[in-house]
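Let's take a walk through this protein together, starting with its charged side chains and then moving on to one of its helices. Have a look at the structure first.

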Amino acid sequence: MAISTGCKGIKTAVFISGTGSNLKSLLKFSKLKKSPISINLIVSNNTKSKGLKYANIFKIKKKVFTFKNMTDEKKLLFELKKNKIDLICLAGFMKILSKTFIKNFKGKILNIHPSLLPKFK
(Lines give C-alpha, C1' and ligand atoms only; values in the text may rest on other atoms or scores of the structure.)
Protein backbone atom coordinates (compact mmCIF):
# COMPACT_ATOMS: atom_id res chain seq x y z
CA MET A 1 0.00 0.00 0.00
CA ALA A 2 1.18 3.54 -0.72
CA ILE A 3 2.35 5.99 1.88
CA SER A 4 -0.67 7.94 3.05
CA THR A 5 0.65 11.46 2.53
CA GLY A 6 0.80 13.21 -0.80
CA CYS A 7 0.88 10.12 -3.02
CA LYS A 8 -1.97 9.28 -5.38
CA GLY A 9 -0.96 5.62 -5.35
CA ILE A 10 -3.88 4.10 -3.45
CA LYS A 11 -6.27 2.86 -6.11
CA THR A 12 -9.69 2.96 -4.48
CA ALA A 13 -13.07 1.45 -5.27
CA VAL A 14 -16.07 3.08 -3.64
CA PHE A 15 -19.16 0.94 -3.03
CA ILE A 16 -22.51 2.76 -2.92
CA SER A 17 -26.22 1.95 -2.86
CA GLY A 18 -28.01 5.29 -2.88
CA THR A 19 -27.55 8.97 -3.59
CA GLY A 20 -23.76 8.99 -3.37
CA SER A 21 -23.42 11.86 -0.88
CA ASN A 22 -20.46 10.14 0.80
CA LEU A 23 -19.00 9.34 -2.62
CA LYS A 24 -19.24 13.00 -3.56
CA SER A 25 -17.20 13.93 -0.48
CA LEU A 26 -14.62 11.25 -1.26
CA LEU A 27 -14.31 12.48 -4.84
CA LYS A 28 -13.79 16.03 -3.61
CA PHE A 29 -11.10 14.80 -1.19
CA SER A 30 -9.40 12.67 -3.85
CA LYS A 31 -8.89 15.76 -6.01
CA LEU A 32 -6.88 17.56 -3.30
CA LYS A 33 -3.13 17.71 -3.81
CA LYS A 34 -2.50 16.09 -0.40
CA SER A 35 -4.92 13.22 -1.00
CA PRO A 36 -3.31 9.77 -1.00
CA ILE A 37 -6.15 8.14 -2.97
CA SER A 38 -7.45 8.03 -6.48
CA ILE A 39 -10.95 6.73 -7.07
CA ASN A 40 -10.72 4.29 -9.94
CA LEU A 41 -13.98 2.36 -9.66
CA ILE A 42 -17.51 2.93 -8.39
CA VAL A 43 -19.52 -0.17 -7.51
CA SER A 44 -23.21 -0.32 -6.70
CA ASN A 45 -25.70 -3.03 -5.89
CA ASN A 46 -28.52 -0.79 -7.12
CA THR A 47 -29.03 -0.06 -10.82
CA LYS A 48 -31.08 3.02 -9.87
CA SER A 49 -28.48 4.46 -7.49
CA LYS A 50 -28.35 8.20 -8.04
CA GLY A 51 -24.69 8.16 -6.99
CA LEU A 52 -23.75 6.41 -10.23
CA LYS A 53 -24.07 9.78 -11.99
CA TYR A 54 -20.73 10.77 -10.42
CA ALA A 55 -19.03 8.09 -12.50
CA ASN A 56 -20.11 9.94 -15.64
CA ILE A 57 -19.33 13.40 -14.24
CA PHE A 58 -15.81 12.44 -13.10
CA LYS A 59 -15.16 9.89 -15.88
CA ILE A 60 -14.71 6.96 -13.49
CA LYS A 61 -15.41 3.36 -14.37
CA LYS A 62 -18.63 2.03 -12.80
CA LYS A 63 -20.03 -1.46 -12.29
CA VAL A 64 -23.37 -2.65 -10.97
CA PHE A 65 -23.73 -6.07 -9.35
CA THR A 66 -27.10 -7.21 -7.99
CA PHE A 67 -25.58 -9.83 -5.64
CA LYS A 68 -28.47 -12.20 -6.31
CA ASN A 69 -26.00 -15.10 -6.27
CA MET A 70 -22.36 -15.84 -5.47
CA THR A 71 -21.40 -15.46 -9.14
CA ASP A 72 -21.81 -11.68 -8.85
CA GLU A 73 -19.40 -11.56 -5.93
CA LYS A 74 -16.84 -13.60 -7.90
CA LYS A 75 -17.24 -11.27 -10.89
CA LEU A 76 -16.77 -8.30 -8.58
CA LEU A 77 -13.58 -9.77 -7.11
CA PHE A 78 -12.26 -10.33 -10.63
CA GLU A 79 -13.09 -6.71 -11.58
CA LEU A 80 -11.35 -5.35 -8.47
CA LYS A 81 -8.22 -7.37 -9.14
CA LYS A 82 -8.26 -6.51 -12.85
CA ASN A 83 -8.31 -2.81 -11.93
CA LYS A 84 -5.56 -3.32 -9.30
CA ILE A 85 -7.71 -1.89 -6.51
CA ASP A 86 -5.77 -1.42 -3.24
CA LEU A 87 -8.59 -0.11 -1.03
CA ILE A 88 -12.35 -0.53 -0.85
CA CYS A 89 -14.45 2.18 0.75
CA LEU A 90 -18.00 1.24 1.71
CA ALA A 91 -19.83 4.56 1.47
CA GLY A 92 -23.47 3.88 2.21
CA PHE A 93 -23.29 0.39 0.72
CA MET A 94 -26.33 -1.54 1.94
CA LYS A 95 -25.28 -5.09 1.15
CA ILE A 96 -23.57 -7.62 3.38
CA LEU A 97 -20.40 -8.99 1.80
CA SER A 98 -19.45 -12.64 2.33
CA LYS A 99 -16.57 -13.81 4.53
CA THR A 100 -14.78 -15.03 1.41
CA PHE A 101 -14.98 -11.58 -0.15
CA ILE A 102 -13.74 -9.91 3.06
CA LYS A 103 -10.79 -12.34 3.28
CA ASN A 104 -9.70 -11.34 -0.24
CA PHE A 105 -9.37 -7.72 0.91
CA LYS A 106 -8.43 -8.27 4.55
CA GLY A 107 -7.27 -4.99 6.07
CA LYS A 108 -8.16 -3.07 2.90
CA ILE A 109 -11.85 -2.31 3.49
CA LEU A 110 -13.01 0.90 5.15
CA ASN A 111 -16.66 1.36 6.11
CA ILE A 112 -17.42 5.07 6.42
CA HIS A 113 -21.16 4.51 6.84
CA PRO A 114 -21.43 1.85 9.52
CA SER A 115 -24.83 0.40 10.23
CA LEU A 116 -26.28 -2.80 11.57
CA LEU A 117 -27.42 -4.56 8.42
CA PRO A 118 -29.92 -5.78 7.52
CA LYS A 119 -32.04 -4.40 10.38
CA PHE A 120 -30.85 -0.78 10.43
CA LYS A 121 -30.06 0.67 7.01
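Which salt bridge do the side chains of Glu 79 and Lys 63 meet in, and at what N to O distance? Their salt bridge spans 4.0 Å, N to O. Keep in mind as you read that this is a predicted model. Glu 79 sits in helix α3 while Lys 63 belongs to strand β3, so this pair ties together parts that are 16 residues apart in sequence. If you're wondering what draws such partners together, side chains of opposite charge can pair when their charged atoms come close.

Glu 79 has another partner in Lys 61, and here the salt bridge comes out at 3.2 Å, N to O. Lys 61 is in strand β3 (residues 61-64) and Glu 79 in helix α3 (residues 70-82), so parts that are 18 residues apart in sequence are tied together by this pair.

Then there's Lys 82, whose side chain meets that of Glu 79 in a salt bridge of 3.6 Å, N to O. This one stays within helix α3: Glu 79 and Lys 82 are three residues apart there, which means about one helical turn separates them. An α-helix has 3.6 residues a turn, so residues three or four places apart point the same way. Searching the whole structure turns up three salt bridges.

How open to the outside are these residues? Glu 79 is buried, because its relative accessible area is 6%, and buried means under 20%. The lysines are another story. Lys 61 counts as partly exposed at 33% relative accessibility, Lys 63 is partly exposed with a relative accessible area of 29%, and Lys 82 is partly exposed too, at 45%.

Now turn to helix α1, which runs over residues 21-30. Which of its residues are buried? They are Leu 23, Leu 26, Leu 27 and Ser 30. These residues cover an arc of only 100 degrees around the axis, so they end up on the same side of α1. And what covers them? The cover includes strands β1 (10-16), β2 (37-44) and β4 (87-90), along with helix α2 (53-57).

Key. Residues numbered from 1 in each chain as written. Predicted model: local features only at pLDDT ≥ 70, side-chain atom pairs only at ≥ 80, totals over all residues. Heavy atoms only, no water. Buried < 20%, exposed > 50% of the residue type's maximum accessible area, 1.4 Å probe, protein only. Helix = DSSP H or I, 4+ residues; strand = E, 2+ residues; numbered from the N terminus. Arc of directions from axis to C-beta. Contact = heavy atoms within 4.5 Å.
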